[in-house]
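I opened this notebook page to record what I looked up in one structure, going from the sheet to the helices and then to the packing inside.

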Amino acid sequence: MLRPTTLPDPVPGPGQVRIAVEVAAITFIDTQIRSGTSIGPRIEFPAVLGNGVSGYVDALGEDVDPAWKNALVVTSTGGTGGYADQAVARVSDLHRVPETLGAREAATLLADGRTAVGLHAAAKIEHGDVVVVTAAAGGVGGLLVQLAATAGARVIALAGSASKVEHARGLGAGTGVNYRAPEWASALREAAPSGVDVVFDGVGGTTADALHPLVRRGGRYVAHGAASGTWASPDEKATSRGITRIGLDAIGGTPGSLYGLVEEALALGSTKSLRATIGQTYPLEAAARAHSDITARTVIGKTLLIP
């Protein structure tokens with residue numbers, strides 16, 4: 001369960017700062033970690049969830065540059081500790097929030113922006129490519145739609161409701177398919193009768209069964225999430241068809257490169273080249289309700305907690 005509790009104020013150690021949290025970001029992985037269904041990171045409970053916050057630096061650890069005091073930053077927190085009104089982070093993880101962005105937009109572009117920018121680069125999308133984006137109204141999916149459309153691709157958005165499809169179209173998708181509707185796979189084939197060049201699959205599971213056959217020779221299948229609970233199984237015929245499979249390991253091979261991807265996402269956001277979709281916010285004390293809504297697939301874009 002998730003419940004509010006009171007803990008001692010955290011004290012930053014050497015090379016760390018404390019942040020007065022304005023916004024804590026929720027990822028879908030958080031819901032899987034909490035429920036014990038995560039096929040990725042696992043943590044020991046009890047724990048404070050959350051790996052991304054934005055706010056003002058209010059305390060410095062030993063040997064930290066005083067210039068960080070009172071700076072508006074966005075940062076990861078090392079895996080836990082984000083669902084709080086105060087959080088500790090390493091100086092090396094801090095990003096100054098551009099003046100044209102607020103704390104909420106910056107938190108939205110932290111993990112999701114890093115992932116989307118990195119995957120987009122790995123997929124090497126070219127003008128005229130046909131690109132399928134699953135969960136296209138979600139945090140990462142919505143950003144991928146924008147990046148692919150800006151690159152000149154024809155984007156087909158897959159989402160779980162008519163309103164989510166419409167949202168994705170507003171972000172730049174030329175076609176949308178509701179994959180909760182009957183015969184959605186047939187509708188997808190009709191939308192791409194000659195096949196597709198790139199699939200961004202953040203859902204996995206059986207959805208991949210309909211997506212794999214659509215990828216034409218020389219295409220790229222980007223498996224970056226498992227919202228269904230299981231990753232997409234590799235297509236046994238992919239190699240013979242000249243299809244490249246790309247995973248999350250294709251982005252940010254080093255902490256420095258991951259840091260650079262966040263900086264790029266923030267820069268794109270600051271010039272409005274990439275729009276962060278803040279779908280809903282909840283009080284910090286309502287984190288359990290936020291998780292319930294996310295797992296029920298009733299949310300859109302990014303979900304944030306406000307202390």
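This is a predicted model: local features need pLDDT of at least 70, side-chain atom pairs count only at pLDDT 80 or more; totals for chains, interfaces and linings use all residues.

The entries below follow the order in which I looked things up.

I found six strands that form an open sheet in the order 8-7-6-9-10-11, with parallel pairing. Strand 8 and strand 11 (244-246) are the edge strands, since each of them pairs on one side only. From one strand to the next, I noted a twist that averages 15°.

**Entry 2, strand 7 and its partners.** I next looked up strand 7 (residues 154-159), asking how many of its six residues are buried. The count is five, so I describe the strand as largely enclosed by the rest of the structure. On one side, strand 7 runs parallel to strand 6 (residues 130-133), and four bridges join the two. Within that pairing I noted that Val132 stands opposite Ile156 of strand 7, and that Arg154 in strand 7 is the bridge partner of Val130. Strand 7 is also joined by four bridges to strand 8 (residues 175-178), again in parallel, and here Ile156 has Thr175 of strand 8 as its bridge partner. I then followed the chain from strand 7 through helix 5 (residues 162-170) to strand 8, and this β-α-β crossover is right-handed.

Helix 5 touches strand 7 and strand 8, and its direction makes about 160° with that of strand 8. Helix 3 touches strand 9 (196-201), strand 10 (215-223) and strand 11, and its direction makes about 155° with that of strand 9.

Which residues have the most contacts inside the largest nonpolar core? I found Ile125, Val131, Val133 and Phe200, in a core of 44 residues. Helix 4 (residues 139-150) supplies the largest share of this core, namely six residues. Apart from this core lies another, of 25 residues, and I listed Ile33, Ala87, Leu94 and Ile294 among them. For background, I note that nonpolar side chains tend to be buried together in soluble globular proteins. I then took Phe200 on its own and, leaving aside its neighbours within four places in sequence, found contacts that include Leu119, Ala123, Ile125, Val131, Val133, Leu144 and Val222, as well as His120 and His224.

I checked the length of helix 8 (residues 255-270), whose 16 residues at 1.5 Å a residue should span 22 Å, and its end C-alpha atoms are 23 Å apart, which agrees. Its buried residues are Leu261, Val262, Ala265, Leu266, Gly269 and Ser270, and these pack against strand 3 (72-75), strand 5 (95-96), helix 2 (103-109) and helix 3 (111-123). Just after helix 8, I noted that Lys272 takes a positive phi of about 65°.

Is His95 buried or exposed? This residue, which is found in strand 5, has a relative accessible area of 3%, so I count His95 as buried. Beyond its neighbours within four places in sequence, His95 is in contact with Leu72, Val73, Val74, Leu110, Tyr259, Val262, Glu263 and Leu266. Val262 and Leu266 had already come up among the buried residues of helix 8.

Conventions: Residues are numbered from 1 along each chain as its sequence is written. Side-chain values use heavy atoms; hydrogens and water are left out. A nonpolar core is a set of buried Ala, Val, Leu, Ile, Met, Phe, Trp, Tyr and Cys residues joined through side-chain atoms within 4.5 Å. Buried means under 20% relative accessible area, exposed over 50%, partly exposed in between (1.4 Å probe, protein chains only). Contact means heavy atoms within 4.5 Å. The expected span of a helix is 1.5 Å times one less than its number of residues. Two strands pair if DSSP finds at least two bridges between them. A crossover is right-handed if, with the strands pointing away from the viewer, the path from the first strand over the helix to the second runs clockwise. Axes are lines fitted to C-alpha atoms, for helices over the stretch in contact, and angles run from 0 to 180 degrees between N-to-C directions.
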